[in-house]
Structures are given as structure tokens and as C-alpha cells.
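Thanks for making the time this morning. I would like to walk you through one model, going from a single residue out to the whole chain and back to a few local details, so please have the structure open.

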Amino acid sequence: MDVLLNRDFGWDTREFCGLRVHGRGDAGAIEALAGVLAGSSVTGIDAAAQAARAARGHFAAIVEAPGFIAACVDHCRSIPVFFTANGVSNDAHLLKQHGGLERVDDVSVLEAAMAGFVTGPYTLYQGLSQLQAGEVLWHDRRRAGTTVRQYYVYLPDELKAGDEAALLSRLETATDRAISRVVANANGRPVWVALSAGLDSRLILCKLVEQGCPNLLAFTYGPSGNDEARAAREIAGRLGVPWRFWPSSRQHMRKLFDEPDRERYWAYGDGLCALPNLQDFPTLHRLKTEGEIPEGVVVVNGQTGDFISGGHIPRLLRERDQSTSGDLFAAIVAKHYSLWRSLKTPANLDRLRERVWSELGVRDGENFTRDNACALYERFEYQERQAKHIINGQRNYDFLGLDWALPLWDRDFVDFWRGVPYEQKFEQRLYRRMLDGWNFAGLFRGYRPVVWQWPGAMKAVLPV
């Protein structure tokens with residue numbers, strides 16, 4: 001197996017304890033991973049899984065030794081890794097070319113069209129695979145064997161009962177720890193928070209202020225006159241944080257779409273398994289080009305507090321004591337496979353069902369308790385849409401050479417939500433109770449800014 005790296009992807013390479021270590025992300029986590037592999041008495045995939053499970057932070061790594069190659073992604077696949085029978089890489093396109101892979105996977109193409117991403121270990125091409133959230137790969141160079149194991153699974157099936165006060169205390173602790181890690185890792189560098197009117201970015205900015213993070217800036221983008229920008233300006237003003245608004249326009253978007261940088265980003269961000277996420281790219285690309293982004297900046301966004309705190313649990317599943325496999329699949333299709341209604345034919349849904357059940361280990365005709373059905377649904381969204389599409393938005397920053405932090409995907413924060421009873425997760429009950437009780441700067445309890453999807457005078461179209 002060969003290791004192929006695209007150096008444009010910002011990965012570093014260093015020698016460590018006789019190993020060649022390639023990685024991107026939390027340097028401490030990568031070093032800890034390499035240290036276990038170099039010094040552990042455990043051999044093979046067990047050592048790799050043990051090391052990855054113990055690591056914290058957001059990272060991906062490929063480790064080379066005379067006898068093995070190990071590769072892993074973190075618990076939420078914040079930085080992707082791809083592999084074939086004869087290669088492992090940080091670049092799916094490079095690996096496809098190296099292996100001469102041209103046979104398209106028809107089910108993957110169907111998924112990409114209906115969901116915007118490809119599920120499981122698959123990509124758009126047969127023979128080209130991806131490591132999923134919380135997975136590690138081990139290749140034995142002497143025996144030419146490759147094994148993949150999932151060392152971290154997000155499946156909230158061990159719910160820890162407890163009174164609300166105790167849960168709130170644990171949630172506050174997990175939140176504070178996640179934010180303190182952002183402050184510590186920034187180490188005085190400028191921290192830019194992408195601020196909207198939503199709870200998640202508001203929470204992050206308030207916590208950074210509460211913990212005394214220096215060099216803060218809140219920024220917002222979008223059409224001129226949009227309501228989220230107005231709310232963001234008010235939030236930043238109450239907190240005494242400098243705020244900038246960069247408007248976007250149809251002309252700017254059209255010009256960017258035709259630029260070579262957009263094409264390069266598209267190839268960089270798709271991984272041959274997901275539509276590239278362009279959320280922050282137009283604004284940050286313009287600022288980077290114009291030299292307005294300071295050296296060493298760390299960009300922080302609020303992904304994805306609404307999911308992890310229970311806001312995506314379908315009503316179809318949460319209001320029934322018992323659900324069937326058909327109910328579970330219907331909920332998955334409604335949320336994830338509905339980009340093109342014309343493609344939701346019985347034949348296409350049968351093909352998707354087979355792949356979904358394979359990933360979840362479910363059989364047709366099974367029945368589930370409410371908690372089990374919700375847990376399986378959350379596992380699917382965590383591993384598929386969140387990891388492969390939403391978190392893939394961090395490629396915006398990587399492409400532009402910017403550091404970033406994802407505090408609401410902090411490992412301790414995620415671990416906490418795995419054990420919260422569903423009575424406390426439905427409609428983000430516990431999350432909202434914590435925010436309302438804290439009510440920092442009066443920005444949570446009773447604070448509900450009105451946000452319309454259409455800006456300014458365009459609202460006049462809605463009644464028509």
C-alpha cells in the first residue's frame with residue numbers, strides 16, 4: 001500500500017519515534033496517537049484503535065512504519081482520509097487517478113443526487129473508499145492485509161437517568177471545557193466567530209466572552225438588509241465584541257462561480273463523496289484575496305449544536321412508543337433523501353434501503369422502542385449527513401489556509417449527549433434550559449429575534 005499526500009491540503013509530515021507521521025489538525029492528538037503506536041506492546045489494529053480512542057481534538061493522521069501503515073480520522077471525521085486496495089491518501093481525486101479507478105458506483109450516484117452525500121465507506125467510484133467517523137485503518141506491510149475498525153460509534157443506547165439539575169450541571173461543565181480548549185489552542189491569536197441569530201453561535205460567542213478570550217471578532221454575511229445580520233449586530237453590541245458585516249450579492253456569487261479558485265475548491269472539498277459545502281467560502285475567499293484576514297486567525301462556527309442537542313429527532317419517531325423499520329426508513333428518507341422528489345421511486349428506495357440497513361445493522365420488519373428508533377436515526381445522521389456534509393464545511397477554511405475550531409463537536413461535549421435521556425433531548429429541552437438559566441447578557445431567556453428568510457424589501461413578495 002502506498003501513501004499519497006496532496007501537499008496543497010495543508011498536511012504536515014514529521015519523524016517521530018521511528019515513525020513517519022502525516023497529519024492535520026490537533027498536533028497533541030496526532031503526537032499522542034503516534035506515541036502509542038511507537039511504544040505500545042499491543043500490536044496491529046488493536047493498538048491503532050486504542051490510540052485513536054484515547055486521542056482528543058479534531059485531527060486526521062496517516063502513520064508509516066517499516067511493518068505497517070495506520071490511518072485514522074477523529075470521532076466526527078472533521079478531516080477526511082481515503083483509501084483503496086493499494087493506497088491511502090488525504091485526496092480522493094489523487095487516489096482515484098493512482099488506482100486508475102473509472103467504474104462508477106450507481107447506488108452512490110443515486111445517493112449523491114438524492115441526499116448530497118454518499119453513505120457508508122463508499123464514494124462515487126468502485127474501489128475507492130473513505131474512513132467514516134471514528135474509524136481507523138491498519139495495513140500490515142508484511143502480510144499485505146488491510147483492516148478497518150470503528151473505534152467510536154455515536155449511538156445513544158446507554159442513556160443515563162438523572163435529575164435535570166444533575167444533567168444541567170454536567171452539560172455546563174462539558175460546554176465550558178469545550179470552549180476553554182478553543183481559548184487555550186488559540187493562545188492569544190485572533191478568534192473570528194461566524195455569528196447568526198441562532199442559539200449555537202450565540203452560545204459560543206457568549207462563552208468566549210465569559211472566559212475572557214482576547215482578540216475576538218464576530219462576523220456575519222449574506223444579502224444586505226437581512227434580519228440575521230441585524231440580530232448579530234445587536235448580540236455583538238451587548239457583548240462589547242467588534243462586529244463586521246460583509247454583504248453578498250448575485251454579481252459577486254456569479255463572478256466567484258466562474259473563477260478558477262471556485263473550481264479548485266470544488267475538487268478539494270467534494271472528496272468524491274459529497275457536494276462541497278460553500279457556506280463561508282464566498283465571504284472568506286474575498287477577504288483572503290483582499291488581505292483583510294489577520295495572520296493566525298482561528299475561525300469558529302456553531303456547527304452543529306441543534307443536531308447534537310436533539311433538535312433533529314423526527315416527530316414521527318419521538319411520539320410513538322414503538323416504531324417499525326418502515327417508520328425508521330421513512331424518517332430517514334424524509335430528512336436525507338428528498339432533494340429530488342422525482343427520484344423517490346419504489347425501485348430507488350429499495351436500493352437505498354438495502355444500503356441504509358447494511359450501515360445500521362437493521363433488518364426489514366424489525367420493531368423498535370421509541371428510544372432505540374431515535375438512537376438509530378441519530379446514529380445515521382451523525383455518521384452520514386453531519387460528518388460528510390455539514391462538518392465537511394470546514395474545508396472552506398482548510399482551502400484558504402485558515403485554522404478553525406468546532407467546539408460543539410468537542411469529544412467531551414458529544415460524549416455527554418450520547419447519554420442524555422430522550423425526554424431531555426426532544427426539541428432541545430435540556431440545551432434550552434441550560435441557556436435560559438445561564439442567560440448571559442440577557443441573550444437567551446425570552447430573547448427571540450425575528451428572522452425572515454428573505455431580506456429587506458423582498459419580504460413584500462411573500463404575501464403575493
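This is a predicted model: local features need pLDDT of at least 70, side-chain atom pairs count only at pLDDT 80 or more; totals for chains, interfaces and linings use all residues.

Leaving aside neighbours within four places in sequence, Arg 20 is in contact with Thr 13, Arg 14, Glu 15, Ile 62, Val 63 and Glu 64, where contact means heavy atoms within 4.5 Å. Arg 20 is found in strand E3, residues 19–25, and with a relative accessible area of 37% it is partly exposed. On that scale, buried means under 20% relative accessible area, exposed over 50%, and partly exposed in between, using a 1.4 Å probe and protein chains only.

Residues are numbered from 1 along each chain as its sequence is written, and side-chain values use heavy atoms, with hydrogens and water left out.

Now the chain as a whole. The protein chain has 19 helices and 17 strands; these are DSSP runs, H or I of at least four residues for helices and E of at least two for strands, numbered from the N terminus. Its radius of gyration is 22 Å, close to the 23 Å that the globule rule gives for 464 residues, so the chain is as compact as a globular protein of that length. That radius is taken over C-alpha atoms, and the rule is 2.2 Å times the number of residues to the power 0.38. Along its principal axes the C-alpha trace spans about 65 × 55 × 50 Å, and buried residues make up 54% of the 464 residues. Of the contacts with a separation of 6 or more, 72% are between residues 24 or more positions apart.

Which aromatic residues cluster together? Phe 9, Tyr 265, Tyr 268, Phe 281 and Phe 399 form one aromatic cluster. The structure holds 26 aromatic pairs, and here rings of Phe, Tyr and Trp (its six-membered ring) pair if their centres lie within 6.5 Å, with planes under 30 degrees apart called stacked, over 60 edge-to-face and the rest tilted. The rings of Phe 9 and Tyr 268 have centres 4.3 Å apart and planes at 75°, so this pair is edge-to-face. The pair links distant parts of the chain, 259 residues apart, with Phe 9 in the loop between strand E1 (2–4) and strand E2 (12–16) and Tyr 268 in helix H9, residues 260–270. Phe 9 counts as buried at 10% relative accessibility, and Tyr 268 is buried at 9%. Tyr 265 and Phe 281, by contrast, form a stacked pair, at 4.5 Å centre to centre and 15° between the planes. Because Tyr 265 lies in helix H9 and Phe 281 in helix H10 (residues 281–289), this pair ties together parts that are 16 residues apart in sequence; both residues are buried.

Next, two helices. Helix H13, residues 325–336, has 12 residues and reaches 16 Å from its first C-alpha to its last, close to the 16 Å expected at 1.5 Å a residue, the expected span being 1.5 Å times one less than the number of residues. Its buried residues, among them Leu 328, Phe 329 and Ile 332, pack against several elements, including helix H4 (106–115), helix H14 (346–360) and H15.

Where does H15 bend? The bend is about 35°, at Tyr 382, taken as the angle between axes fitted to the seven residues ending there and the seven starting there. Of the 21 residues of H15, 17 are buried, so this helix is largely enclosed by the rest of the structure.

Finally, some backbone details to look at on your own screens. The peptide bond from Gln 303 to Thr 304 is cis, with omega near -10°, and Thr 304 lies in the loop between strand E14 (298–300) and helix H11 (305–308). Asn 439 has a positive phi of about 50° although it is not a glycine, and Ala 441, also not a glycine, has a positive phi of about 55°. Asn 439 lies in the segment after helix H19 (429–438) and is buried at 18%, whereas Ala 441 counts as partly exposed at 39%.
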